[in-house]
Amino acid sequence: MEQFGHSFFALLLHVLLFALLFHVLIILAKLAATKKPRLPPGPWQLPVIGSLHHLLLRGAGAGGLPAHRAIRDLSQRHGPLMLLRICERVAVVVSSAESAREIFKGRHGAAFEQRPSSPGIDELSRHGVGVIFAPYGDHWRLLRRIVMAELLGARRVEAFRRVREDEAARLVASLLPQALPGGGEPVVVDVGERLAEFITGVSVRAIFGDMVPHRRAAFLAVVKRAAHLSSLFDLRDLFPSSRLVRVMVPRGKAERHRQEMFRVMDDILGHHEERRRAAAGDGDGDGEQDMVDVLLRVQKEAGMRGELAQGVIRAVLNDLFGAAVDTATTTLQWAMAELMANPRVLKKVQLQIRQLMAGQAIVHEEALRNLGYLKAIIKETLRLHPPAALVPRVCLEDCKIQGYDLPQGTIILTNVWAISRDPKYWENPDMFIPERFEVDCALDYKGIDFEFTPFGTSRRICPGINFANANMEIALASLLYHFDWKLPIGVKPEKLDMTEVFGVTVRRKAELLLHPIPTFHI
């Protein structure tokens, strides 16, 4: 009986082992049959940090190659769709017009209309989300419709013509003491800083009005700082699931900025509300002068105190001002730098401007419509120096693009800078040749030509194109009409420092120091 018992348990053990083995084989067979996603190729990865070391070795963001250049170099090795794992984040870099067109204009287009967020951005927008970072949905559609129809439409941009002409005249006047220092030689001027002051002046008056409260200087500093904070990526961005990282990273800077921004914005909104009540009491119910007035009017007339709460209006105003100042200032600074580096182009555009405006005391915006070469210069500047070199989106659903699987949640990073300099689409892509836009004048930046999308594309394209373009045209025309320009002694055009600094926008690293020489037009 004892021997029989041992045999029975041995047989039972074999049966159980066989059943377990059979079950394991079934699981393995199912796993083998499950089709793994076919992800785009990419550089080899390390544990924990993924592909981060490839960017660090190329100096991206650390004094070496800017991020958009380092990523372009990697894409040239791995293809127009390239997988990058940066710690816990998964990104697919898009580096060709064909890939971008399939993503944003194909059948999955709506799946790529969301911008990624970050802990810093979430903190800044805790009390209201503006149009830039609002999740794709009904709230974003409402804000987009208000911005396009009420704030930045053609009629509204035209209404700010007087503001642009006033600020352009002020820009010219600010340069005269430096251009004519007591009859001596003209001094060196930081033209980049003067252009920033011009764009800031136009934007403040158009968005907040001519009568900004006494805290104007503090307000300008706060809103500029917002663009800097929203671009910062910390460990929480790279390790979003880590509780330890969330505890380690302090939140004080963003919190202090948010409270300061709220105080300044509340002062401005309160000032406008008082002015509107006073205007209504005087029988002048219109009183609509700036974008704040428009938002308050829309909030009241449409009964949108829920959708357009005070926090949302704050966020929209912050978005409008930050985008208006940063993008146009950066582009103007690059445009003047490229003109100084290319004397042939500078001479040609000045001749056209001065022939067209002969005898005029100041630059009038009406005449700018006929300055085709000036418009081509702005386009060529945007091609070589797109303000946002890397444009991020988030994939909202599983998609297949060019045979590759893009899982939901993947960050799509379009390298606009690389596409704008790809020799596949552009002859002599690294040269400043505005004539290319005179020959192909149909090529535009409205988001249809995917080899040239400096303002983005699809539904998330920048709504302020017309506003920015009007500001840039009159600023450049005024500087070129009223002044000749020379580089400092010893600086040759071909040696002008064109080093880039990567951030919210790709800015010039060096100051743009020039000699203004007034012409007979002043």
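Three strands make up an open sheet in the order E3-E11-E8, with antiparallel pairing. Strands here, like helices, are DSSP runs numbered from the N terminus, with at least two residues (E) for a strand and at least four (H or I) for a helix; two strands pair if DSSP finds at least two bridges between them. The edges are taken by strand E3 (189-190) and strand E8 (483-486), each of which pairs on one side only. On one side, E8 is joined to strand E11 (residues 513-518) by four bridges, and the two run antiparallel; Phe483 has Pro518 in E11 as its bridge partner.

The model is a predicted one, so local features need pLDDT of at least 70 and side-chain atom pairs count only at pLDDT 80 or more, while totals for chains, interfaces and linings use all residues. Residues are numbered from 1 along each chain as its sequence is written, and side-chain values use heavy atoms, with hydrogens and water left out.

Zooming out, the secondary structure of the protein comes to 20 helices and eleven strands. Of its 522 residues, 51% count as buried, where buried means under 20% relative accessible area, exposed means over 50%, and partly exposed is what lies in between (1.4 Å probe, protein chains only). Among contacts (heavy atoms within 4.5 Å) with a separation of 6 or more, 74% involve residues 24 or more positions apart.

Next, the nonpolar interior. A nonpolar core is taken as a set of buried Ala, Val, Leu, Ile, Met, Phe, Trp, Tyr and Cys residues joined through side-chain atoms within 4.5 Å. The largest such core has 97 residues, of which Leu151, Leu317, Met336 and Trp485 touch the most other members. Helix H15 (residues 310-341) gives this core its largest share, 15 residues. Leaving out residues up to four places away in sequence, Met336 touches Leu195, Leu476, Leu479, Leu480, Trp485, Leu512 and Leu514. A second, separate core has 18 residues, including Leu81, Ala97, Ile401 and Ile419. In soluble globular proteins, nonpolar side chains tend to be buried together.

His385 sits in the loop between helix H17 (372-384) and strand E4 (390-394). With a relative accessibility of 5%, His385 counts as buried. Its contacts, neighbours within four places in sequence aside, are Trp334, Glu338, Arg421 and Glu500. With Glu338, the side chain of His385 makes a polar contact of 2.7 Å; such a contact is a pair of N or O atoms within 3.5 Å, and within protein one must be able to donate a hydrogen and the other to accept it, with residues adjacent in sequence counting only if both atoms are side-chain atoms.

The cysteines come next. The structure holds zero disulfides, a disulfide being a pair of cysteine sulfur atoms within 2.5 Å. Cys395 is in no disulfide, and the nearest cysteine sulfur, that of Cys399, lies 3.9 Å away. Cys395 is buried, at 1% relative accessibility. Cys462 is listed by UniProt under "binding site" in an unreviewed entry; UniProt positions are given in the numbering used here, feature names are shortened, and annotations may be inferred rather than shown by experiment. Cys462 belongs to the loop between helix H19 (435-439) and helix H20 (465-482) and is partly exposed at 28% relative accessibility. Residues up to four places away in sequence not counted, Cys462 touches Arg144 and Phe455.

Cys87, in the loop between strand E1 (81-86) and strand E2 (89-94), has a positive phi near 60°. Cys87 is buried, with a relative accessible area of 13%. Asn428 also has a positive phi, about 45°, and lies in the loop between helix H18 (416-420) and H19. At 39% relative accessibility, Asn428 counts as partly exposed.

One more loop residue is Val504, found between strand E9 (500-501) and strand E10 (507-508). Val504 is partly exposed, with a relative accessible area of 38%. Val504 and Thr327 are 177 residues apart in sequence, yet their C-alpha atoms are 9.1 Å apart in space.
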